[in-house]
Amino acid sequence: MSVSLDESQQAFIDHPSYPKYAIAGPGSGKTETLLHLVIDQIPHSTSMTVVMFNYAPCEKFKTRLTQLNGPYSPYTINIGTIHHIARGIIAKASSVCPEGPSEQLKQAIQILAYVTAQHPDYNPYPDNSILIIDEAQDLGDDNAKFMSYLIHWHKQGNRKLVFAGDPRQQVKEGATFFLDTLRHAKMHHPNNILNLKYNYRHGERMCQFFNKYSQHFFPEFHYDQEARGDEGEIITHICEYRDHVRKCEFIREETRRYEPGSSFILHPSYIDTSATRRIYEPLLRGSDHTRYMDSGKNGEGGTKIDEKKDYLCT
């Protein structure tokens, strides 16, 4: 199956230096790029670990990889969530695995802390292995603690480390691991930070808005995306936990530029929407075509539109 990549996606795959970082904005084809990176690295790696944050994207990634490149061994290419990787570590060290993902993660962290303290030179990954972390902007708390061991191991020898995410789409308070990592990379190897250039999900209007929104609130890692998708409705993810008033003032001002009948949807992710509504609804009153969208888990780690809960902020 042949798939054409754009020049920014291909440039990321071809970039020879590691660790490398893809700042992948909305609709940029990040997953497809990572798939082709895995395929590109198969001849050069005896071990690959691809870490994602939710089960459904992992399953889609596995299916797509098989479609593109044929069957693969899960012992050679390990694709899973952080908790899947943690359970694998527990299984090797203990006959008892606690119930619940948070307890499993804590136990895996304890195991790794003990092993590295007793054996500082220990590294379970072969010298030509590669670690790929998707949606890295959501790394925080125990997720970041756990992944820090895998990241440390993949900075050694000829191992390779790949991050993909967008700090501008960070929706979890305290999830600053990727942002701090990018700042360090910007100081020490800035050429390894690459942007995926195109937005295949939305048209020109959405890109113009998000580019301006990004430049206004996230200037440190801002870059402009070019539109290659359909116009559709303007949808954006809002980092609800900071700059509420400034962001709503910006949104109200910008949406006044759009023609009547167009709609701008505030789309909260992973945040308690009733609390978020209390913040945003009063601030957005008077924005003639702005809707606030409640979110519900769709099994893929994102959110879904519930038409019964959409309403106009007027």
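Strand 2 (48-52), strand 3 (77-81), helix 4 (82-93) and helix 5 (101-118) each contribute at least two residues to the lining of the second largest pocket, where helices (H or I, at least four residues) and strands (E, at least two) are DSSP runs numbered from the N terminus. The model is a predicted one, in which local features need pLDDT of at least 70 and side-chain atom pairs count only at pLDDT 80 or more, while totals for chains, interfaces and linings use all residues. Residues are numbered from 1 along each chain as its sequence is written, and side-chain values use heavy atoms, with hydrogens and water left out.

The second largest pocket has a volume of about 610 Å³, and among the 25 residues that line it, those closest to its centre are Asn78, Gly88, Ile89, Lys92 and Tyr125. On a 1 Å grid over the protein atoms alone, a pocket is an open set of points where a 1.4 Å probe fits, with protein on both sides within 12 Å along at least five of seven lines, and lining residues have an atom within 4 Å of a point. Grid points are joined across faces, edges and corners, and the volume is the space filled by probe spheres set on the points. Helix 4 supplies the largest share of this lining, 6 residues. By class, the lining comprises 17 nonpolar, 6 polar and 2 charged residues, with Ala, Val, Leu, Ile, Met, Phe, Trp, Tyr, Cys and Pro counted as nonpolar, Asp, Glu, Lys and Arg as charged, and the others, Gly among them, as polar.

Across the protein chain as a whole, 10 helices and 12 strands are found, and buried residues (under 20% relative accessible area, as against exposed at over 50% and partly exposed in between, with a 1.4 Å probe and protein chains only) make up 50% of the 314 residues.

The whole structure holds 11 salt bridges, each being a side-chain nitrogen of Lys or Arg within 4 Å of a carboxyl oxygen of Asp or Glu. One of them joins Glu7 to Lys197, with the closest N and O atoms 3.9 Å apart. This pair links distant parts of the chain, since Glu7 belongs to helix 1 (residues 7-14) and Lys197 to the loop between strand 6 (193-196) and strand 7 (198-199), 190 residues apart. Glu7 is partly exposed at 45% relative accessibility, and Lys197 is also partly exposed, at 29%.

A further salt bridge is formed by the side chains of Asp127 and Arg159 (3.6 Å, N to O). Asp127 lies in the loop between helix 5 and strand 4 (130-133) and Arg159 in the loop between helix 6 (141-153) and strand 5 (160-165), so the pair ties together parts that are 32 residues apart in sequence. Asp127 is partly exposed at 37% relative accessibility, whereas Arg159, at 15%, counts as buried.

Tyr200 is located in the loop between strand 7 and helix 8 and is partly exposed, at 35% relative accessibility. When residues up to four places away in sequence are not counted, Tyr200 touches Asp6, Gln9, Gly27, Ser28, Gly29, Arg228 and Gly229, a contact being heavy atoms within 4.5 Å. Between Tyr200 and Asp230, which are 30 residues apart in sequence, the C-alpha to C-alpha distance is 7.9 Å.
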